[in-house]
Amino acid sequence: HEKRARGIAEAQGITVSQGKELINNAYAAALGFENQLIAGQDVLDVQARLTEELGNSSMISAEIAANVAETGKAFGIGTAAAADLQATFQSIGLSAQEAADAQLSLGKEALVAGVNMGKVVADISANAKSTSKFFGGNVKALKKAAIEANKLGMSISDMAKVSEGLLDIEESLTAQFEFQALTGRAMNLDSARQLALQGNIAGATKAVLAEVGSLADLQALG
């Protein structure tokens, strides 16, 4: 116990007594779950990951870390991926509790949608910051977009690029006319541009695909 506390203290920049307290709280929190999917070490792993990502071990309690670990285990993504998603949600403005709640709701929504939870989580963790201008801190919209992206075989980064292309009016009009000339098919991207302006990157992408025909055609179009 002493050795582990010293290791935690050294890794997280806290005192040994604080390290001991973290261990005690983590195991107590883990025991609070009836189905026992998690152990005290899982809670400590989440806290360590959050400290590494956010730089402050006080940003998440043992109870919330236990919830995050439980969500990771319950939805089959593991504690590391769950901790990364927690860090992503907190970094874009959610409190620790809000982030944990958002993660749980994402798991349920992904399950209902029949998409790969691991890929959705990885997509959000990797691309949420770079696409944040389209969501304005709206995590509900972010989650919905990530699920829709997975259904389409894309990422939210891919959809953001589609919207960015649409918002470059001159360039997108040129591409539109070139597509029409090459294929002989009429194409109207007005609704897609409007959705992109509204920050609805999933809706904008689906509107473009409805005009272009398929993801392969869209990729060929550039």
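Select Ala 113. At 28% relative accessibility it counts as partly exposed, since that class runs between buried, under 20% relative accessible area, and exposed, over 50% (1.4 Å probe, protein chains only). The model is predicted: local features need pLDDT of at least 70, side-chain atom pairs count only at pLDDT 80 or more, and totals for chains, interfaces and linings use all residues. Residues are numbered from 1 along each chain as its sequence is written, and side-chain values use heavy atoms, without hydrogens and water.

Ala 113 sits in helix α6, residues 96–113. Helices here are DSSP runs (H or I, at least four residues), numbered from the N terminus. Show Ile 147 and Lys 151: both are in contact with Ala 113, leaving aside neighbours within four places in sequence. Contact means heavy atoms within 4.5 Å. Now pick Asn 138. From Ala 113 it is 25 residues away in sequence and 20 Å away in space, C-alpha to C-alpha.

Next, select α8 (139–152) and α12 (201–212). Their axes lie 9 Å apart, at an angle of about 25°. Axes are lines fitted to C-alpha atoms, for helices over the stretch in contact; angles run from 0 to 180 degrees between N-to-C directions. The two helices are therefore roughly parallel, a label for angles under 35 degrees.

Which residues of α8 meet α12? Colour Ala 145, Glu 148 and Leu 152 on α8; across from them, colour Ile 201, Ala 202, Thr 205, Lys 206 and Leu 209 on α12. By class, this contact has five nonpolar, one polar and two charged residues. Nonpolar covers Ala, Val, Leu, Ile, Met, Phe, Trp, Tyr, Cys and Pro; charged covers Asp, Glu, Lys and Arg; the others, Gly among them, are polar.

Stay on Thr 205, in α12. Is it buried or exposed? At 0% relative accessibility, Thr 205 counts as buried. Not counting residues up to four places away in sequence, Thr 205 touches Leu 152, Met 154, Met 159 and Val 162.

Now find the second largest pocket, about 190 Å³ of space. Centre on Ala 141, Lys 144, Gly 199, Asn 200 and Ile 201, the closest to its centre among 14 lining residues. The lining has six nonpolar, five polar and three charged residues.

Last stop: Thr 79, in helix α5, residues 78–91. At 14% relative accessibility, Thr 79 counts as buried. Show Asp 42, Val 46, Ala 69 and Lys 73, its contacts beyond four places in sequence.

A note on the pocket terms. On a 1 Å grid over the protein atoms alone, a pocket is an open set of points where a 1.4 Å probe fits, with protein on both sides within 12 Å along at least five of seven lines; lining residues have an atom within 4 Å of a point. Points are joined across faces, edges and corners, and the volume is the space filled by probe spheres set on them.

Technical notes: Angles under 35 degrees count as roughly parallel, over 145 as roughly antiparallel, 65 to 115 as roughly perpendicular and the rest as oblique.
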